[in-house]
Amino acid sequence: MPDNEILMEMSGITKNFPGVLALDDVSVSLYKGEILGLLGENGAGKSTLIKILSGAYMLEKGKIIIKGKECKFLSPHESLAAGIRVIYQELTSFEPLTVLENIFAGEVVTNKAGFVSWKEMAAKSKKILSMLGSEINPSELMENLSVGQKQIVEIAKAIHGNAKIIVMDEPTSALDEKEVNTLYSVIRKLREQGVGVIYISHRMEEIFQITDRVAVLRDGKKVGDIKTHETNKFELVNLIVGRELSEQYPKRDIKKGKVIFEVKDLTYLNKVKNVSFNLREGEIVAFFGLLGAGTHQLFSVIFGDKKATSGEIYVDGRMINVTNPNIAKKSGLGYIPIDRKEEGLALVMDLKQNITSANIEEMGAGFILNKRTENEHATKWFNTLNIKAPSIDTLAGSLSGGNQQKVVVAKWLEKNSRILLMNEPTRGIDVGSKSEIYMIAEDLCEKGVGVLMVSSELPEILAISDRVIVMRDGEIVGEFVTKDTDQEELMHLASA
Amino acid sequence: MKKKSFKITDTYILLIILVVLVAFFSLVNRQFIAYNNISTMLKNMVLTGVLALGLTPLMIARGLDISFGNSISLTSVIMAVLYTVFGLNLWLTLLIGILVAALIGFINGLLIEKFNLIPIILTLGTMAILQALALVTANTFTQTYSILMLTDQLYYFSTRTFLKIPLPLYVLIVLIFIFWFVLTKTKFGRTIYLIGANPKVAYLCGVKVKKVKILLYIFMGFITGIGGVLSVALTGVGASYQGAKLVLPTLSAVLLGGISLMGGSGSALGTLIGVLIVTVIFNGLSVLNVPSYYIQLFQGIALILIVAAYEIRNKKIQII
């Protein structure tokens, strides 16, 4: 339980960027042994606030008091010295080094002779890790760890550095359910030890499971600061988006057509084993599995990014030999990858170029690129999908996650894909954009498109899919009509 | 629209640098703007210009070839041997020269793309091999390293003018137009930029990335072949050391013109201005009678400054 000692207090924080007021008079405080959830849509100001706390951005207006001491100019160095550690979404560990070397990064313990004392460092690492309830071997190479384990090493590193305040930016976005639970117990251990945790997440369930208090930002202003047990999901969602979301997940009753896509006995190395399923027009089929279940690889193989070891794929009853994404695309498949920044978008190109990137061949006659045609097509999707950006000439890299995802979707709508593969379509995007993506998926279904989706968020699967296929260790272990199943059943099957 | 105006500013800066340089050299030495000097300068620019253009799409798509200088050495030697020693028909000789260079480009591309090699290392290897082959070929057939190849047609081509403009310059002008057109007005050009911006995204958009890149290496080889022909025409010899000295100014020009080793950026016009600036600097220095080793010193410094300047600017943009 949080006691009353204030660890950190930020008050009246204001930050201007050219043309944008990123933070407007925001005040946030953190108590000893408290887990504070920081909520807000993408672009609400969460990252800016954290960057000011870590010293990455200069404090222009406002006060930061850490343990009773005011810090006028918080530099990255002072921030570290004050015990503030940020664990970013994209982990910054040294992959080719060992766990121990990561924990002790930047310093070495030496013995009397001045040589590196591996023994002592190993003992200390082990102590910290076991304190966190983890059994990671300190001499294991970082690159052999799972994302969840890497996070725990990052936390261990922070504790070794005497962290008083740990900020976690979407720590669970790449974790499976088991790892999430481990992380929670680690966070609770931190709380027992009086560490203050700022926990940033888009997932409502997590906020209610782990936080003591939540602060909500919207458009650079703090719009809510409530004890977690005194609020509920609807109140928070409304605070975050600033409007009443009458239905967060709008599932419509859409007529299903004939089978348009079928997979028979698909195998890829030992990652995907004998997978068979089909998809109808207007249907959303979701795949659920924990990390390593093979769902991501399955999508990569279907789209031709990886080559199947054996098996058959049919579109409209005709077999296709997908040896590369080009063949998949020409057969009517579209692919929304899990990593939109690395695989979904050309960040340095503008929106229109991204929207037409899978359909360049249709932009004008012969080999000439007709820019007017391109503009018309891009504008159409820009407006239809309500992409929030100054214009179609804006660089894709400057958009928020939700709007970037809409651009990736637009790319395949432009290509007129009839079978859409969505790999974690709402990962890391805000509540408002999420429901817009669901809406788009259902609009597509009404036009006869079939959607295959991989998601690690069960509420999302239960809300928008027609059927769920559960995978474990590369195999299909269950298939359900969505409305006849529930979270417990799916989870149990996936983790058994 | 925003991005466009930004790009123009970049080109403007380069244009201003060019104008300042021309003004400076003209003021220091009147000879610089004499017709004779300008005509020589532009003629000398043709080779660098042609090669820089060939590199432009390749480097936009994250490829790189540094073996082109030695490829010119080898092809010019092969052409001179075929023509002088074996008495082959001139046009057939030139055609074979161009095809050999294109083949070298194909081999570079094939190895890089099939085995995922780092272009600069692979072409560093081919560079050494081509240089050795040039020396061996020249020495085997003529016991010298530089073979005369004088023909009326090539002499005519390299010395005459049309509308007061030297004929070789027309080759450059035509190529500039072609490259500008392909890069800005065609679907293929867009594909090249897409690959450069993010090869994985391009691949998942259905682009056959490896095929396109191998094609660009072949183009580069083809352009290198044209460079070989130009080199023989302008000097009258097929020399085994002919091309090596072209690499540095060509790469400097391309990088100055806005092409990044990270791919995705650059244009035919940017490259042209880069070539003009590099040419003006080196010609200006020679007109001022700066010794050639100092000019080389300056070349090295200039390359480092160019890369550093772009790096610093990109960092600034990221921070904003």
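This is a predicted model: local features need pLDDT of at least 70, side-chain atom pairs count only at pLDDT 80 or more; totals for chains, interfaces and linings use all residues.
Me: How many residues of H11(B) are buried?

Reply: A residue is buried if 20 or more other C-beta atoms, placed from the backbone, lie within 10 Å of its own, exposed if 12 or fewer, and partly exposed in between. Helix H11 (residues 247-256) of chain B has eight buried residues out of ten, and is thus mostly covered; among them are B:Pro249, B:Leu251 and B:Val254.

Me: Which residues other than glycine have a positive phi, and where are they found?

Reply: Most residues other than glycine have a negative phi. One exception here is B:Lys164, with phi near 70°, which sits in the loop between strand E2 (161-162) and strand E3 (165-166) of chain B and is exposed, with 7 other C-beta atoms within 10 Å. Another is A:Asp25, whose phi is about 55°; A:Asp25 belongs to strand E2 (residues 20-31) of chain A and counts as partly exposed, because it has 14 C-beta neighbours inside 10 Å.

Me: Where does A:Asp316 lie, and what is its phi?

Reply: Two strands pair if DSSP finds at least two bridges between them. Strand E14 (residues 310-315) of chain A pairs with E11(A) in the antiparallel sense over five bridges, with A:Lys264 opposite A:Glu312, and E14(A) is also joined by three bridges to strand E15 (residues 318-320) of chain A, again antiparallel. In the hairpin of E14(A) and E15(A), with two residues between the strands, A:Asp316 takes a positive phi near 55°.

Me: What is the order of the strands in the open sheet of six strands?

Reply: The order is E6-E7-E8-E3-E9-E10 in chain A, and the pairing is mixed. Strand E6 (84-87) and strand E10 (221-227) of chain A stand at the edges with a single partner strand each, so one side of each has no neighbour in the sheet. Inside this order, E3(A) and E9(A) pair in the parallel sense over four bridges, and A:Leu36 stands opposite A:Arg213 in E9(A).

Me: At what angle do the axes of H6(B) and H10(B) cross?

Reply: Axes are lines fitted to C-alpha atoms, for helices over the stretch in contact, and angles run from 0 to 180 degrees between N-to-C directions. The axes of helix H6 (residues 152-159) and helix H10 (residues 209-235) of chain B come within 8 Å and cross at roughly 90°. Angles under 35 degrees count as roughly parallel, over 145 as roughly antiparallel, 65 to 115 as roughly perpendicular and the rest as oblique, so H6(B) is roughly perpendicular to H10(B).

Me: How many residues of chain B are in contact with chain A?

Reply: Two residues are in contact if their C-beta atoms, placed from the backbone, lie within 7 Å. In this model 21 residues of chain B are in contact with 25 residues of chain A, and H8(B) gives the most to that side of chain B, with seven residues.

Key:
Residues are numbered from 1 along each chain as its sequence is written. Chains are lettered from A and ligands numbered from 1 in the order in which they are written.
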